[in-house]
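Me: I am new to reading structures, and I would like a close look at one part. Please start there and then widen the view.

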Amino acid sequence: MSMLNEIDTEFDDRNIFKQREEEIEIKIEDLSMVYQDKNGGEPVTALKNVNLEIKEGEFISLLGPSGCGKTTLLRIIADLLQPSSGKVTVRGQSPREIRLQKKYGIVFQNPVLYDWRTVRRNVCMPMELLGMKKQDRTSRVTEMLDLVGLTNFGTHYPYELSGGMQQRVGIARALAINPEILLMDEPFSALDEFTREKLHEDLLEIWTKTKKTVVFVTHNISEAVFLSDKVVVLSPHPGRVSAVIDIDIPRPRNMESKQSKQFYDYITKIRNSFEGV
Amino acid sequence: MISRKEKYKVNLVWAIGIFIAWELVAFFLEQVMHDPMAGAKLPYPHSVIISIAENFTDLMSAAGLTFSRAVFGFALGAAIGFVLAIIMSLSKIAEKISLPYLIISQMIPVLGLAPIIFTLVRDMNTSRIVIAAYITFFPVSVNMLSGLNSVESDKKELLYSYAAKKKSIYYKLMIPYSMPYLFAGLKIAAPMSITASILVDMLGSSGGIGVKLLYSLYSGTKDVFWGSVVTSALMGILSYFIVILFEKICMPWRKQTT
C-alpha cells in the first residue's frame, strides 16, 4: 500500500498543472454518522450514505437547514469526529494523516480567538506550533494581516475588535501556515448583513489569491450561491445529499453578480430543491 | 463607569466618614456611657494613629517579620497549588484520588495544626512558612483546577486541528486561560496567609506582629494593642492589593472594569 502511494505521488509530480486542477482533493464514500443517545434513547442518524467529490482549488458549500448534518460532515473531514461508517480520503490519505501534517485551516463559527493574545500573536499561534523561525513568523503575520485588511490592528486584543474584525483574524490565522484545505463552519452567521457582504467579497478575493480548496458550511442560500463553484444541498432527517448544483456565475464576482438574473435563478433552483423535504 | 478621579473622591469620603463615625462612637462610649473600659473597647482613632506613629519602627519590624514569612509561605503554597491543579487536570484519576483528601485537609483547624507543625519542625520561621503555604495551596489549587476544567471545547479543537502536543496545549491554552481563576484563588489566599502567619506568631514566637498583639493584650497597653490590630489589618489589605497589582501586570488583555 505504501509502495503504491509513493508511486502515486511521484506520478503526480510529473503531471502538468492543468491535469492537477481536475484532481479529486476530497473524496467521501458512503459516509454515515449515527449519534448514540447516552440516555438510552433512539440513536440519531446525522448523515446517511453521503457520497461527494471535491476537486482541488474548488470552493464548495455545504448548504442546508439545521440538523442536516452539514457541520458533522465538515467535522468528519477535519478529523474532529469519527464517522460511524464509510470513508473520507483527502489527497489519497485519511483525514487524520492530513491533520497530523497540519494541512487544514479551520475557521469556526465563533472566531475562537485567544483573549490573552494580541491579534498578531493569535495569527502567529499556528506557526509557533509548526516550529517556524521567529523572523519568518513576523513577516508572515504582517502579510496575513494585510491580506485580511487588519494591517493596523496587530497590537489590539480581541475584545477591542468588532465581530467582523475578529472573524477576519480567524481567517488570517487559518491561512497563516498556508494550509492545503480551508474548512469554514458558518463563519459569518453571527455577523450583521453589511459586514457579511463585505466579508463575502473579501473572502473571494483572498481565495482568488491563495487558490485553496474551500469547504464552506452555511444555511444561507444566497451566501452559498455567491461564493461557491458548487453547492451541495443537504436535507435533514437523516442528513443526506439531496442535490449538487454547479454555480456558473462568472468570476470575479461582485455586488453586481448579486443582482443578476442568473443569481436569482440559482437561488430559486436551490430553494425548489428543498421543497417537499 | 466612574472615572479614576471620582473613585478617589469616593474613597476619601468613605475614609473620612468612617474616621468621624469612629471618633463619635468612641466619644459616646467614654463621655456619655462613662464606660471604664472604653479605651480598650474602642479607643479614639486619632490615639491609635498616634500610637502607631510612636511605636512605628517597632511595629514595622514586627510586621515585616510576619509579612515576609507569610509571603514566603504564600508563594510556596501558590506554587504547590498550581502544580497540583495541573496534575489533577492532566489525570482524572489523580483528581479523583486527591481532591477529597485536599478538601478534608482544609477541615483541620489551623489552630490545631499549627502546634503540631511547630513540634515537628521546631522552628518558628519554618512553621510560619509551612502554615501559610498550607492555607494558600487549597484555594489556589481549586480555583486553578476549575479554570482548567472550564476551557471551551472549540478553543481546544483549534489546537487539536493543528495536532498540537500536550505541552503546547497547556502552555498556549490551558494555563493562560486559567489565569483569571488562578488570581481569584490568590486573592482569597493572600490575606488568609497573613492571618495564618500572625496565628503562628501567637504560639510563642519571639517576634512578629502576633506577639505584639498578644503581649499588649495581656499587659494592658491598649494603644499598642490597637496599633497592632490596625497594622495587621493593613497587612491583609496590602497583600490583597499586591495580588491585584500582579493581576493587572499579568493580564493586560482583561477589560478594565473597575
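What share of residues 67–87 of chain B is helix, what share is strand, and how far apart are the end C-alpha atoms?

Reply: This model is predicted. Residues 67–87 of chain B are 100% helix and 0% strand.

An unreviewed UniProt entry annotates residues 67–87 of chain B as "transmembrane region". The annotation also covers residues 12–29, 99–121, 127–148 and 224–246 of chain B. Take residues 12–29 of chain B as a second case. That span is also 100% helix and 0% strand. Its end C-alpha atoms lie 26 Å apart.

Next comes a longer annotation. UniProt, again in an unreviewed entry, places "domain: ABC transmembrane type-1" at residues 63–247 of chain B. Over residues 63–247, chain B is 88% helix and 0% strand. The end C-alpha atoms of residues 63–247 are 24 Å apart.

The secondary structure of chain B comes to 11 helices and zero strands. Read along the sequence, the pattern is α-α-α-α-α-α-α-α-α-α-α. The C-alpha trace of chain B spans about 75 × 55 × 30 Å along its principal axes. Of the 258 residues in chain B, 36% are buried. Look at the contacts in chain B with a separation of 6 or more: 75% of them are between residues 24 or more positions apart.

Chain B is also divided into two domains. Domain 1 runs over 1–41, and domain 2 over 42–248. Their C-alpha centres lie 30 Å apart. The contact between them takes 10 residues from domain 1 of chain B and five residues from domain 2 of chain B. On the domain 1 side, α1 (4–32) and α2 (38–41) of chain B each supply at least two residues. The largest share of that side, six residues, comes from α1(B). By class, the domain 1 side has seven nonpolar, one polar and two charged residues.

Now turn to chain A. The secondary structure of chain A comes to 10 helices and nine strands. Its radius of gyration is 19 Å, close to the 19 Å that the globule rule gives for 277 residues, so chain A is as compact as a globular protein of that length. The C-alpha atoms of chain A fill a box of roughly 50 × 50 × 50 Å along the principal axes. Buried residues make up 40% of the 277 residues in chain A. Take contacts in chain A between residues at least 6 apart in sequence: 70% of them join residues at least 24 apart.

How do the chains meet? The contact takes 18 residues from chain A and 16 residues from chain B. On the chain A side, the elements giving two or more residues are α4 (95–100), β5 (104–107) and α5 (119–130) of chain A. The largest share of that side, three residues, comes from α5(A). By class, the chain A side has 14 nonpolar, one polar and three charged residues.

Then there is the core. The largest nonpolar core has 131 residues, and those with the most contacts inside it are A:Ala172 and A:Leu183. The largest share of this core, 15 residues, comes from helix α9 (residues 166–201) of chain B. A:Leu183 touches A:Leu74, A:Ile77, A:Ala78, A:Tyr104, A:Ile106 and A:Val215, leaving aside residues up to four places away in sequence.

Some backbone details in chain A deserve a look. A cis peptide bond joins A:His237 and A:Pro238, with omega about -10°. A:Pro238 sits in the loop between β8 (230–235) and β9 (240–246) of chain A. The peptide bond from A:Arg251 to A:Pro252 is cis too, with omega near -5°. A:Pro252 is in the loop between β9 and α10 (261–274) of chain A.

Now phi. A:Asp79 is not a glycine, yet its phi is positive, near 65°. A:Asp79 lies in the loop between α3 (70–77) and β4 (85–90) of chain A. A:Asp79 counts as buried because it has 20 C-beta neighbours inside 10 Å, and 20 or more is the cut-off. A:Glu186 also has a positive phi, about 40°, without being a glycine. A:Glu186 is in the loop between β6 (181–185) and α8 of chain A.

Methods. Residues numbered from 1 in each chain as written. Chains lettered and ligands numbered in written order. Predicted model: local features only at pLDDT ≥ 70, side-chain atom pairs only at ≥ 80, totals over all residues. Core = buried A, V, L, I, M, F, W, Y, C linked by C-beta atoms within 7 Å. Buried ≥ 20, exposed ≤ 12 C-beta atoms within 10 Å, placed from the backbone. Helix = DSSP H or I, 4+ residues; strand = E, 2+ residues; numbered from the N terminus. Contact = placed C-beta atoms within 7 Å. Nonpolar A, V, L, I, M, F, W, Y, C, P; charged D, E, K, R; others polar. UniProt positions renumbered as here; feature names shortened; annotations may be inferred. Domains from an automatic or database assignment. Rg over C-alpha atoms; globule rule 2.2 N^0.38 Å.
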